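Here is a short report for a reader new to this structure. Have the sequence and the 3D view at hand as you read.

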Amino acid sequence: MSFTFAPAVREQVSLLIALAGASGSGKTKSALRLAEGISPAGKIAFVDTEARRGLHYAEQHRFLHADMRPPFKPARFVEAIAAAEAAGADVVILDSFSHEYDGEGGILDWADALADAGTKAPGNWKEPKLAHKRMMNALLQCRATLIFCLRADEKIEIVREGGRTQVRPLGWMPICEKRFMYEMTASFTLSPDSPGIPRFDLPHKLQEQHRPFFPERQAIDEACGQQLAAWARGGQAAPRRTKADLFADARARADQGSFALEEWRAALPERARAALKEISDELAAAAEAADAQTGAGDDSDASALATEQAA
């Protein structure tokens with residue numbers, strides 16, 4: 001067998017992303033926002049193992065939905081992803097993928113059933129592990145981006161120190177097969193005290209080239225997905241646009257007098273318009289507060305200033 005080598009070029013790289021966390025940590029919302037950034041056209045499929053809970057977000061986000069019911073064997077997830085790709089999905093969200101491990105008919109349940117049937121350990125694990133391995137091979141060949149939402153448990157250890165029993169928290173651990181997270185392009189742990197914001201002090205995987213896409217103490221959003229998608233296509237991801245950037249651009253264009261303000265605003269992406277409105281509201285509130293402190297009766301000057309700065 002002969003081998004042919006060619007210069008390495010990054011293009012159309014597949015993305016596998018895992019979001020793990022307890023209930024209320026913002027996994028589903030974050031997955032949808034990330035997916036919308038990756039596929040602005042809305043070619044998103046949602047495989048729902050949570051009794052159709054994904055439909056809670058149907059009025060806020062646009063996606064195809066499929067209700068997946070037990071048994072949650074590995075092969076059924078492969079079947080669901082293949083169906084999503086056939087339907088034209090660029091991004092497939094699997095929520096919750098933890099069911100493949102500990103759900104009804106998942107590999108734990110499957111191994112227990114074989115054990116109850118008289119198969120001796122470790123023989124009862126052979127068939128479920130092989131099915132999981134085959135599933136992983138299929139996932140790694142998938143051309144759509146896959147986003148896995150995983151449940152997480154807060155782990156503890158109990159130790160004896162100085163004659164006293166001590167309970168040590170070990171952090172949130174994702175519920176999945178132990179090697180699953182190693183296959184991810186990126187993975188994050190979210191917690192209920194800061195929904196949607198990755199906790200970099202908890203287990204995660206984020207390679208150096210992806211770190212600028214996920215700033216610390218910021219929620220996972222559409223911009224994260226846009227930059228990941230640009231990187232996966234082989235292009236150079238544009239830097240994140242901050243409120244200060246938008247304000248500076250608007251001010252520079254206004255000074256040049258080279259555009260009609262309302263037309264420019266209308267041409268902005270929805271996220272940019274929302275950011276400008278937020279700035280305008282903040283400035284208007286600041287002006288109102290200043291007037292209240294000084295007891296000024298006429299707020300025309302402050303309002304004019306707020307309007308000018310927001311533009």
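Glu 50 is buried, as its relative accessible area is 10%. The cut-off for buried is under 20%. The model is a predicted one.

The side chain of Glu 50 forms a salt bridge with that of Arg 53, at 3.3 Å from N to O. Side chains of opposite charge can pair when their charged atoms come close.

## Other salt bridges

The structure holds nine salt bridges in total. One of them joins Asp 193 to Arg 199. Their closest N and O atoms are 3.6 Å apart. Asp 193 is exposed, with 63% relative accessible area.

Another salt bridge brings together the side chains of Glu 208 and Arg 211, at 3.7 Å from N to O. Glu 208 counts as exposed, at 61% relative accessibility. Arg 211 is partly exposed, with a relative accessible area of 38%.

Helix 4 covers residues 107–116. Its buried residues are Ile 107, Trp 110, Ala 111 and Leu 114. Seen down the helix axis, these buried residues fall within an arc of 95 degrees, so they line one face of helix 4.

A patch of negative charge lies on the surface. Its members are Glu 104, Asp 109, Asp 112 and Asp 116. Glu 104 sits in the loop between helix 3, residues 99–102, and helix 4. Glu 104 counts as exposed because its relative accessibility is 52%, and the cut-off for exposed is over 50%.

## A nonpolar patch

The surface also carries a nonpolar patch of about 310 Å². Ile 156, Ile 158 and Val 167 make this patch. Ile 156 belongs to strand 5, which covers residues 145–161. At 51% relative accessibility, Ile 156 counts as exposed.

## Loop residues and their contacts in space

Some residue pairs lie apart in sequence, and their spacing can be followed in the 3D view. Take Asp 90, in the loop between helix 2 (74–86) and strand 4 (91–95). Asp 90 and Ile 44 are 46 residues apart along the chain, and their C-alpha atoms are separated by 6.1 Å. Asp 90 counts as partly exposed, at 37% relative accessibility.

Phe 180 is in the loop between strand 6 (164–174) and strand 7. Phe 180 is buried, with a relative accessible area of 1%. From Phe 180 to His 132 is 48 residues in sequence and 9.6 Å in space, C-alpha to C-alpha.

Leu 206 lies in the loop between strand 7 (186–190) and helix 6 (222–233). Leu 206 is buried too, at 8% relative accessible area. Leu 206 and Met 184 are 22 residues apart in sequence, with 9.4 Å between their C-alpha atoms.

## Backbone exceptions

Most residues other than glycine have a negative phi, and most peptide bonds are trans. Which peptide bond has omega near 5 degrees? The bond from Pro 70 to Pro 71 does, and this bond is cis. Pro 71 lies in the loop between strand 3 (64–67) and helix 2. A cis peptide bond also joins Asp 95 and Ser 96, with omega about 10 degrees. Ser 96 is in the loop between strand 4 and helix 3.

Ala 51 is not a glycine, yet its phi is positive, at about 55 degrees. Ala 51 lies in the loop between strand 2 (44–48) and strand 3. Ala 51 is exposed, with a relative accessible area of 64%. Arg 217 also has a positive phi, near 65 degrees. The place of Arg 217 is in the loop between strand 7 and helix 6. At 70% relative accessibility, Arg 217 counts as exposed.

Notes:
Residues are numbered from 1 along each chain as its sequence is written. This is a predicted model: local features need pLDDT of at least 70, side-chain atom pairs count only at pLDDT 80 or more; totals for chains, interfaces and linings use all residues. Side-chain values use heavy atoms; hydrogens and water are left out. Buried means under 20% relative accessible area, exposed over 50%, partly exposed in between (1.4 Å probe, protein chains only). Helices (H or I, at least four residues) and strands (E, at least two) are DSSP runs, numbered from the N terminus. The arc is that of the directions from the helix axis to the C-beta atoms. Patches are made of residues with over 30% relative accessible area and no salt bridge: like charges are joined within 9 Å, nonpolar side chains (Val, Leu, Ile, Met, Phe, Trp, Tyr) within 5 Å. Accessible areas come from the Shrake-Rupley method with a 1.4 Å probe; for residues, only the protein chains shown count as cover. A salt bridge is a side-chain nitrogen of Lys or Arg within 4 Å of a carboxyl oxygen of Asp or Glu. Lys and Arg count as positive and Asp and Glu as negative; His and the chain ends are not counted. The place of a charge is taken as NZ of Lys, CZ of Arg, CG of Asp or CD of Glu.
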